[in-house]
Amino acid sequence: MNSTSIAFPLTTAQMGLWLTQQLQPHAHLNIAEALEIECAVDSELFLEAFRQTVRETGALRVRFANSSDGPSQLIGETYNGLVTVLDFSDRDGGRDAAWDWVRERASAVTVLRDPLCVAALLKAAPNYFIFYHSVPHILADGYSGMLFAERLSEIYTALVEGRELSQDNALVPYESVIEAEVSYRQSNRFERDKQYWMERLEGVPKLTTSLPFQLEQPLTPGVGGRLRQHVFLEPHTCAALRFFAKAEGVTLPQLFVGLVAMFLHRMTNQDDFVVGFPVTGRVS
């Protein structure tokens with residue numbers, strides 16, 4: 001990282017991930033994405049498009065520092081990482097070898113030290129490329145990764161066509177996101193919101209009965225993981241759920257929340273409890 005950097009505090013969400021990383025250093029907290037490109041790619045123009053995209057956002061130019069005052073993030077003026085360009089097209093099974101490389105990198109443990117971000121352009125066949133990039137979840141999520149990929153594609157296309165780039169879809173500067181939270185937490189609105197939730201959650205009962213779930217593969221202590229079970233509903237069941245949701249004036253996700261509450265009531269025999277769901281918290 002270059003010597004010129006601007007220090008910012010961590011946001012509330014970032015602080016939660018930072019503490020998780022300190023308590024569980026082997027936790028997998030990376031956001032990784034691999035995009036298939038089914039045409040020939042000019043690697044030099046692609047790298048230039050990547051550099052331009054990075055200049056529009058500070059997320060890929062961050063490094064973290066920790067002191068007696070707590071952690072902070074420093075946003076450098078330039079991207080300090082490398083974009084690896086690999087050619088697997090000259091060997092048998094080039095596609096499989098390229099995807100093996102991607103899977104190996106995607107499963108790496110998150111480490112909050114330079115280089116934080118990994119990017120690579122893999123040529124698996126003359127007209128088949130893979131763009132891979134990963135970043136710690138403390139700096140990005142799946143939605144922002146999609147925005148980055150769309151902007152990268154737009155810039156690359158403009159370079160290939162030799163036309164002026166439109167700024168209509170330019171990425172919001174990373175610094176502005178941090179400054180927006182700092183401004184909110186120092187506002188009267190934050191105090192009103194805090195007071196609202198303190199009152200709403202006062203005396204909330206706890207879900208005291210454990211649920212008898214059994215995992216096929218138990219989670220490793222201190223590493224984290226996810227619980228997932230795939231269930232395929234019959235078409236007539238899906239149609240009935242959609243019909244019922246529409247008749248009640250709710251969306252399918254809202255209907256499923258209600259079904260989860262009913263399930264917990266039957267499993268615990270409790271009438272009053274709180275169900276927590278992670279949501280994006282975006283304006284949409």
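In this predicted model, Leu 241, Arg 242, Phe 244 and Ala 245 of helix H7 are in contact with Leu 252, Leu 255, Phe 256 and Leu 259 of helix H8, contact meaning heavy atoms within 4.5 Å. By class, this contact comprises seven nonpolar, no polar and one charged residues. The two axes come within 9 Å and cross at roughly 100°; H7 and H8 are therefore roughly perpendicular to each other, a term covering 65 to 115 degrees.

The helices named here are DSSP runs (H or I, at least four residues):

| H2 | 43-56 |
| H4 | 142-161 |

The structure holds eight salt bridges (a side-chain nitrogen of Lys or Arg within 4 Å of a carboxyl oxygen of Asp or Glu). One of them joins Arg 151 and Glu 56 at 2.8 Å, N to O. This pair links distant parts of the chain, with Arg 151 in H4 and Glu 56 in H2, 95 residues apart.

Residues are numbered from 1 along each chain as its sequence is written. Local features need pLDDT of at least 70, side-chain atom pairs count only at pLDDT 80 or more, and totals for chains, interfaces and linings use all residues, while side-chain values use heavy atoms, leaving out hydrogens and water.

Methods:
Axes are lines fitted to C-alpha atoms, for helices over the stretch in contact, and angles run from 0 to 180 degrees between N-to-C directions. Helices (H or I, at least four residues) and strands (E, at least two) are DSSP runs, numbered from the N terminus. Angles under 35 degrees count as roughly parallel, over 145 as roughly antiparallel, 65 to 115 as roughly perpendicular and the rest as oblique. Ala, Val, Leu, Ile, Met, Phe, Trp, Tyr, Cys and Pro count as nonpolar, Asp, Glu, Lys and Arg as charged, and the others, Gly among them, as polar.
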